[in-house]
Amino acid sequence: MAKSITVDDLDIYYGDFLAVQGVNMTIKARSVTAFIGPSGCGKSTMLRSLNRMHEVIPGARVEGKVMVDGQSLYDNAVDPVAVRRQIGMVFQRPNPFPTMSIYENVLAGNRLNAKKMKKAEADEIVERSLKGANLWNEVKDRLGKPGMGLSGGQQQRLCIARAIAVEPQVLLMDEPCSALDPISTSAIEDLIHELKSDYTIVIVTHNMQQAARVSDETGFFNLKAAGQPGQLVEFNNTQKMFANPDNESTEAYISGRFG
Amino acid sequence: MSTTLKPAPVSVASIPLTHGHLPRGAEILVGVVAAAAAGLFPLLLGWGLVAWVIVSVILFIVGLTVWSAIVETRRSATDRMVTALVWTAFGIALVPLVSLLWTVVSKGVPAINSTFLSYSAFRTSLDQPIGIYHAIVGTLVITLCAVVISVPIGIFAAIYLVEYGKGNRLARGITFLVDVMTGIPSIVAGLFAFSMFTAFFGAGYRAGIGGAVALSLLMIPIVVRSTEEMLRLVPDDLREAAYALGTPKWRTITKVVLRTSLGGIITGVTLATARIIGETAPLLLIAGLTTRTNVNPFEGFMTTLPVFIYSQFQKGTAADFELAWGTALVLVIIVLLLNIVARVIGKIFAPKTGR
Amino acid sequence: MATLAGVFIFLTIEGVPGFFQEEQFYKGAGNFWGYVDHLLFGTVLAATIALIVAVPLAFGIALVVSHYAPKWIAGPVAYVIDLLAAVPSVVFGLWGINLFAPKMVPIYDWLNAHLGWLPFFEGPVNPVGTTILTAGLVLAIMILPIITAISREVFTQTPVLHEEAALALGATRWEMIRLAVFPYAKSGMVSAVMLGLGRALGETMAVAMVLSGGGGISFNLIASSNPTSIAANIASQYKENTPGTLHVLIATGLVLFLVTFLVNFAARWIVAGNDRKMAR
């Protein structure tokens, strides 16, 4: 079920402003791909254009192609709703729905598609998703409690459970640990390792050590120059990237000389 | 843990990204068809324009939903239906509101001429032109009195609530009372002023000041509310900075807190004024009705613009209505100006952010 | 802050005698309750009509402005709505009697002809359109901007985070609104409605101008004999000036005050309860 993504000469705009220019890459199935780079270079924008969340912002649009297993995401006939249904997303700050219980939060996506779900079926989805997110043992006794009552790290794992409950093919993570403490972060990183066997995962991170720890491949984004659009500088195997990058500026960034 | 993860059913993977899709411009197509189909009714049955529009809209919504449900999914059908309904609600609601504004302007403009604003409605001779001078004066005097009464009370109450009474019982009680006062019907405020003045000055006492008291009763809660909000926006850092310099509390409040929130407070007061200037009911009871100009709020009847509109309406001839429309236009313009002034003040005094 | 207590005390002092006046002051009704009950009925009926019509429309407009319309429409419309919220009620009344009521007569004729079997549209149709239905509709138009302004505010305050969470799960726009916007805005929506209700109950001038009251309790919405509302009754009767009538009027004012007080109280209670739930 996990799928690969091919990005072909993608330009991303906010209105007239060109944010990211000329991206080409192939994201492999069942692997973790990390996007790194300094602030404001278009990593998150790039990520959001992979499941058409980018166009939610008024005036935002893209030019170029994003192909998921040969199917172009930006074809006229493609329904963005169906795209997002299959390419799940986890955000920077945990965002469980405040009025829903833990149980209902996990099922939120499934409820959209199937109004009537058998209780047993629903229970099974909740248990499977929460186990998948390594949260089951912590919350199994209080599934009826509001999701907002959990700690930040637990909330983030609840959001991951919510995203995998609809069984997406790809999971996008936008700095999923930046609002969390080190212990929660390491729990999420462990989780990413486990999820890799079933999902294609793309993660944006500010933290280079994190990228080195969790990812198989890494894309380094940078601005061409101040005021210029962001671009993909280097896309490479993570080990190679951190040991012996092809590009000078990648090396400068990784060794901490800027950014 | 990953061992507990059952592989998801294979069927999921085969969900296509595409499904049936209405062609671009489907809305327009359905709209034209609906309008044409509905057009049969007026032709055949002789219905009017209104009926035609209503039937078109209904056909449009039903048509689009059904088509979408057949070609697309049930979910996009719901989405399309709600979108259509929401826009319809928008359209329906705009009709009377636009009609109202248009009527006030189109009927009001002809009534306004050089004598309209400068003469009172009191005729000394039969051919003398009449105007609304007395009502403008009355409005200004009564509103001014109301502002003078309510602004100090409102601001002090708000300062107490925010700066001194944080969370204590009295403060909570006051907040509750202010909330309740926001909901007082204007006529009840009028009755209050009326019965109070009756109790103090005997039956039949009517003067502008009574109206001002009634209006300030309506105005105080608005002022308290908006001032409170503004004072709460002042960051505690600023207060602490002042305390750290050894400034006493009352000086901190006057020099730092009030100065920072001044713009917001003035905006709030202006909006509250705009709100009460159009009040009719309480003034009808207590300020009385006269055709002469009266500048003394403590003695004699006093007419304001809204009350004048009402009295013209009661007289009921076409000429009276013309005056009423003219007055309505003047009143709406005053309210509009106050709103714009409030916005401009808000902009000017807004805390400078960034560069 | 003694003011509110003051209001209550004065109204009670002046109003209580109104409960026990001689029969002549009650216009044929035997006692105070016989006098006030149809006024209360009229008040509630007009306000109910207004709410039924205004609430869905107001939420619709608010949604259009906050989530559907492009910015260049939403901005000016929001401004016009705010402005309309400030238009004095007497102007609405003038518009209602002069323009709106006559326009409604053919519609009432049609309703009577086609739906006359419903008790609401029994007729005979009021030839000038000054019916309780007209009054209710004018009230609806009046409270529309207020409800819209408040609910628009809460809709736009929905955290983008929650909206994106819903969209990223593959929700359509409407599903996103149901999933993220409504739960978040619920308490604000309730208080907007309650505020509108309070306005509609206490509104005086528009009703006094549009409605030709004087009838008893009746659900017939389009006939000539309508119950009038408490506030409008005060405005039209106050001139009679005899102490007896005045006491009665003030007593009705007291009743109105209590009703609006209850509505407001209920609104705050609901909102507070909801906030507590969100905070947990």
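This is a predicted model: local features need pLDDT of at least 70, side-chain atom pairs count only at pLDDT 80 or more; totals for chains, interfaces and linings use all residues.
View 1. An unreviewed UniProt entry assigns the feature "transmembrane region" to several stretches of chain B, including residues 51-70 and 323-345.

**View 2. The contact between chain B and chain C.** Chain B contributes 57 residues to this contact, and chain C contributes 52 residues. Several helices of chain B each supply at least two residues of the side that touches chain C, among them H3 (74-111), H7 (208-233), H9 (249-277) and H12 (318-349). The largest share of this side of chain B, 18 residues, belongs to H3(B). Sorted by class, the side of chain B that touches chain C holds 43 nonpolar, 10 polar and four charged residues.

**View 3. Two packed helices of chain C.** Helix H4 (residues 89-115) and helix H5 (residues 132-156) of chain C pack with their axes 10 Å apart, at an angle of about 130°. H4(C) and H5(C) are therefore oblique to each other, and their crossing is right-handed.

**View 4. Residues where H4(C) meets H5(C).** On H4(C), the contact involves Ser89(C), Phe92(C), Gly96(C), Phe100(C), Ala101(C) and Met104(C). Their partners on H5(C) are Thr134(C), Val138(C), Ile141(C) and Met142(C). Seven residues of this contact are nonpolar, three are polar and none is charged.

Key
Residues are numbered from 1 along each chain as its sequence is written. Chains are lettered from A and ligands numbered from 1 in the order in which they are written. Two residues are in contact if their C-beta atoms, placed from the backbone, lie within 7 Å. Helices (H or I, at least four residues) and strands (E, at least two) are DSSP runs, numbered from the N terminus. Ala, Val, Leu, Ile, Met, Phe, Trp, Tyr, Cys and Pro count as nonpolar, Asp, Glu, Lys and Arg as charged, and the others, Gly among them, as polar. Axes are lines fitted to C-alpha atoms, for helices over the stretch in contact, and angles run from 0 to 180 degrees between N-to-C directions. Angles under 35 degrees count as roughly parallel, over 145 as roughly antiparallel, 65 to 115 as roughly perpendicular and the rest as oblique. A crossing is left-handed if the near helix is turned anticlockwise from the far one by less than a right angle, and right-handed if clockwise. UniProt positions are given in the numbering used here, feature names are shortened, and annotations may be inferred rather than shown by experiment.
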